Amino acid sequence: MEPLIRIRGLSKRFGPGCSRCLEATGPEQHTNLCPHCGSVMACNDVSFDLFRNEALGVVGESGSGKSTLVRLLHFEWEATEGTVEMHRSAGIASLPEIFADGSDYSSNLLGLSHFQKRRLRNALMGIVYQNPHLGLRMQVSSGGNIAERLLGAGWRHIGNMRQRAAELLKITEFPVERMDEPPCNFSGGMQQRVQIAKALSNNPLILFLDEVTTGLDLSVQARVLDLIRNLRSEFNLSMLVVSHDLGVINLLCQRTMVMKSGHVVEFGLTDQILQDPQHRYTQLLVASQL
Amino acid sequence: MLMREWLQKEAQLRNDETPIAGYPFGFMDEGAKKEIRRSILKAVAIPGYQVPYGSREMPIARGWGTGGLQITLSLVKPDDVLKVIDQGCDGSVNAVNIKKFVATVAGVTITTDTRAATLIQTRHRIPEERMSGRQILVLQVPYPEALREVEPSEMETRRMHAEADYSRMWLFLYEDIVKYGEITISYRYPVTVNGRYIMDPSPIPRWDVPKLHMADTLFLFGAGREKRIYAIPPHTTVEPLEFEDHKFRTENFSGKACARCGATDTYLDEVIDNASGERRFFCSDSGYCDKRRLAWNP
């Protein structure tokens, strides 16, 4: 089977950069801050494949580059280097030019214009942030938050949009009769459900989950995770699950990569990584799990 | 006395006056006029796009029509026939001041007849009579940015225009419908020009918005305080933002008629008589109203 997206050599540097940045940062040096020029290598030479209907976990400590990776792939930040290619089967009709040369994979998506990236994102991607304030407009109604994505994708029928929003909110177990209230009226767990409904509204192929359950109480956490697992099989989603909680990764993901100081230090099947961690840092991570 | 008669009297009084000495024709220096004409050309080439320009100081305050005035002065020729209206009225203070000023510095003829004019400057109305391809309508604009309601940052609104990222404007309308059952914008109704840019049509009532669509006339919009010029060239599509199940609609004056000329197909102003408390309606377009009265009572 061919991967849905191929990511090769993805790097993100904050700062001017110098010739010694690469050798002076990384897991061996325990830092991503270059002592010579002061640049931060948030992500360094990250390469992996994401397959269809797969949940790929990304674990690592704070500052290891997990969220940076998601923001690069969601086109929120510009990558310093690297390529992201998408398989033809993703079938994005509105952007035929990215498959111009007849090959199975698109040109480098990171080189597209802002306009093209926005259309690609609207057509294929959904994202759920740890903090609902990042993903939702708190003063706009919950239904409106979902409608915003549909409007971006060209929907122009109020009745149809409200019906779609109600369907999605029902799936995420949100009280549909309160869909015209703004998210700020609801608890964190409910806000997270609105975010998930919003992310699912355009039938995405790829869903980015950035620490979705951190900050929720345990019973809500379990229900949200259960929901995500069901949604993956129901909607055939590819998911990139970022978490520092190995329990979440264990529950959701088949494959996992471990990041430290901007580098991928270990990559493999989730079971394997949890049972038999190879890298020193992974061993520490697994051993310190409560 | 009709507005037209008053103007004829005024013209007779000033008959031998020549354009004021010490100023170039049309008040502005040639460099300024050239820059504004270039901005207008760019605006016409990209319908609905706001072109920045160096707004000059005018002898009226910013926010009183300086944007429209600068366009008028940069376009005016000695043989032009000028009409200036303020919310449809030829006789309001703002309109009279501007037309007197332009007549003084450019020596043009002034009219109240929409059909006779070659150049019309207007504040917040479009004349009722359909204009031809040989005429130009200049609209005064207080707030050129249609997205300002949803986004306060100029940098961000420019990015939104560049990427055609208009979902937030549509969301604003969606929320309006969810809250009130209909879109509550009464004037400054946002429109899509040429299928690309969302544009502020200046504070014209909804009634006038359909007149912009596939018109024969060139519409120029000038915002002096905000330093922007934009345009709708002739025969350009102009669509008000609407949903498939919530269509755009204009003001409804059914059952009402102008108390002065009896028109039932014009935009009407409601006037309440202070003494009797009686409500009466009059044409907002005073030039058209005068013309209709004259037609059946010459």
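The model is predicted, with local features requiring pLDDT of at least 70 and side-chain atom pairs pLDDT 80 or more, while totals for chains, interfaces and linings use all residues. Residues are numbered from 1 along each chain as its sequence is written, and chains are lettered from A and ligands numbered from 1 in the order in which they are written.

Chain A contains 11 helices and nine strands (DSSP runs numbered from the N terminus, H or I of at least four residues for helices and E of at least two for strands). Its radius of gyration is 19 Å, close to the 19 Å given by the globule rule for 290 residues, so chain A is as compact as a globular protein of that length (the radius is taken over C-alpha atoms, and the rule is 2.2 Å times the number of residues to the power 0.38). Along the principal axes, the C-alpha atoms of chain A fill a box of roughly 55 × 50 × 40 Å. Of the 290 residues, 46% count as buried (20 or more other C-beta atoms within 10 Å of the residue's own; exposed means 12 or fewer, partly exposed in between, with C-beta atoms placed from the backbone).

A:Ala166 lies in helix H6, residues 158-171, and counts as partly exposed because it has 17 C-beta neighbours inside 10 Å. Leaving out residues up to four places away in sequence, A:Ala166 touches A:Val176 and A:Met179 (contact means C-beta atoms, placed from the backbone, within 7 Å).

Between the chains, the contact takes 16 residues from chain A and 14 from chain B.

Key: Two residues are in contact if their C-beta atoms, placed from the backbone, lie within 7 Å.
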